[in-house]
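My entries follow in the order I made them.

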Amino acid sequence: MNFASILKTRRMWSSKPFTLSKRLLSTSKVLSRESFVRDKANVNLITLGATQHGKTALASRLTKVLASHGVPTKEVHDIDHSVSEKENGRSETVSHMELWKEESQWRYSLADLPGSFAYLKNTLNHLPHADAALLVISPDQGVVSDTRMFYHLASHLELPLILPVISMRGDTDQETLELVMMELEELEGIRNPIVLDDPMNNDDSVIALMDEIEKEVNGLAVLNREVDTPFYMVLEQVGNIPKRGDFCAGRVLKGKLAIGDQIEAFYQGKSSKGNVKDLEIFKKGTASLQAGDRGGAFVKLKSEMDFKRGGVLFDPKIKVTASDNWEVSLKSVPGFGSATLKGDCVLYSSTVTDGKVTLGGNIDIKEDSEEIVKMKLSSKIIGKPGHKIIIRNNQTFALGTIVS
């Protein structure tokens, strides 16, 4: 059994830790798994947008059309595989797929993100460190409020590339398309949309989408990865194997990691040193992870700590700044009017999705203005000036930047 497969849990958006029986996993070098071949550079791609707009269906079609290039195919029921997802007909957890074209220099780690705000933690756990997003829009529903919100959240988190994708059906008329295009123009800074001609039935349309993604990705400066710097990895999933260690999956932002390396783990103000027992990428064994990879590390920490998603692995030589008191600049979400934050709030910072925040009273943020406030967190997070955060207070959102 590979490490990544053990992380699937029916807790949906819960970040509580879970444990696994020893018999479920062996750390022996004789694991019967393939070896990862690093023949292409990785791009972290996500689907983004409102629920019921066809993100998962499009992700499935991408795998099927690229099957001739060796891509593993995924049906929609393979992606939304839990009982709850099948009953409700929507994504609730994040699913990961691989995409590539044989002649391309890129391999895409595609994460299909939930569109329902009931599972926002799962979406915001994976959103901040993506390289590119497909903002999927159904012409039948148009640019709804949730689509606009996701666009502004992604823009605030400085995603390098957000590609709006209008997924047409065979019976979609030109007038409907023009209305959607007009709605998109209201989003400041939005790119021209990619219009797909019936992608559920037209393979050429899906190939054209991949070609357009490739063209846009080729110009991303962010893909010049910081490989020759100390290792730093943010964690999107963590699973504990009793008395054996932790399997940590996420995105490597800087540096390289090899089996046997010493690391430091941080979560909610607590840290522990440890070493790396094994590594993998998409269920395949690998000798190393490097900046840009989405992969997994099996680590054994020297001291027990409550370690969950939102944690960080890094080179012990790095000096990080962690605090539970930050001064931040807050603004309202463009197009959503003024924002009033009352009482305790929830903080989303990097892959942290369970930070509780006290702002010291009601905060009124007028549209097109900023408020400088001091926030007190329930536990420490790693941050620095300029770091982007999101604060949620019931159904109200504020976009934040750490000042000091």
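Entry 1, a helix pair. I looked up which residues hold helix 1 and helix 7 in contact: L58, R61, L62 and V65 in helix 1 meet D203, V206, I207, L209 and M210 in helix 7. By class I noted 7 nonpolar, no polar and 2 charged residues in this contact. The model is a predicted one, so I treat each value as computed from it. I then checked the axes of helix 1 (residues 55-65) and helix 7 (residues 203-217), which come within 10 Å and cross at roughly 95°.

I traced 6 strands in the order 2-3-1-4-5-6, and their pairing is mixed. Which strands stand at the edges? They are strand 2 (95-100) and strand 6 (194-196); each has a single partner strand, so one side of each is left without a neighbour in the sheet. I noted an average twist of 25° from one strand to the next. Within the sheet I followed strand 4 (residues 132-137) and strand 5 (residues 161-167), which pair in the parallel sense over 6 bridges. For A133 I found the bridge partner I162 in strand 5. I also looked for a helix on this sheet and found helix 6 (residues 174-185), which lies across strand 4, strand 5 and strand 6. Helix 6 runs at about 160° to strand 5.

I followed another set of 6 strands, which close into a barrel in the order 16-21-19-18-22-23 with antiparallel pairing. Neighbouring strands here are turned by 40° against each other on average, direction ignored. I picked out strand 18 (residues 345-349) and strand 19 (residues 352-358), which run antiparallel and are joined by 4 bridges. C345 has V357 in strand 19 as its bridge partner. Helix 5 (residues 145-156) lies across strand 16 (322-332), strand 22 (388-393) and strand 23 (396-402). I read its direction against strand 23 as about 10°.

How many cavities of 30 Å³ or more does a search of the whole structure find? The search finds 1. I noted a volume of about 50 Å³ for the largest cavity. Its lining consists of F36, R38, K40, N42, R107, S109, I281, F282, D293 and R294. Sorted by class, I have 3 nonpolar, 2 polar and 5 charged residues in that lining.

Methods. Residues numbered from 1 in each chain as written. Predicted model: local features only at pLDDT ≥ 70, side-chain atom pairs only at ≥ 80, totals over all residues. Heavy atoms only, no water. Pairing = 2+ DSSP bridges. Helix = DSSP H or I, 4+ residues; strand = E, 2+ residues; numbered from the N terminus. Axes fitted to C-alpha atoms, helices over the stretch in contact; angles between N-to-C directions. Contact = heavy atoms within 4.5 Å. 1 Å grid on protein atoms, 1.4 Å probe; cavity = no way out; pocket = protein on both sides within 12 Å on 5 of 7 lines; lining within 4 Å. Points joined across faces, edges and corners; volume = space filled by probe spheres on them. Nonpolar A, V, L, I, M, F, W, Y, C, P; charged D, E, K, R; others polar.
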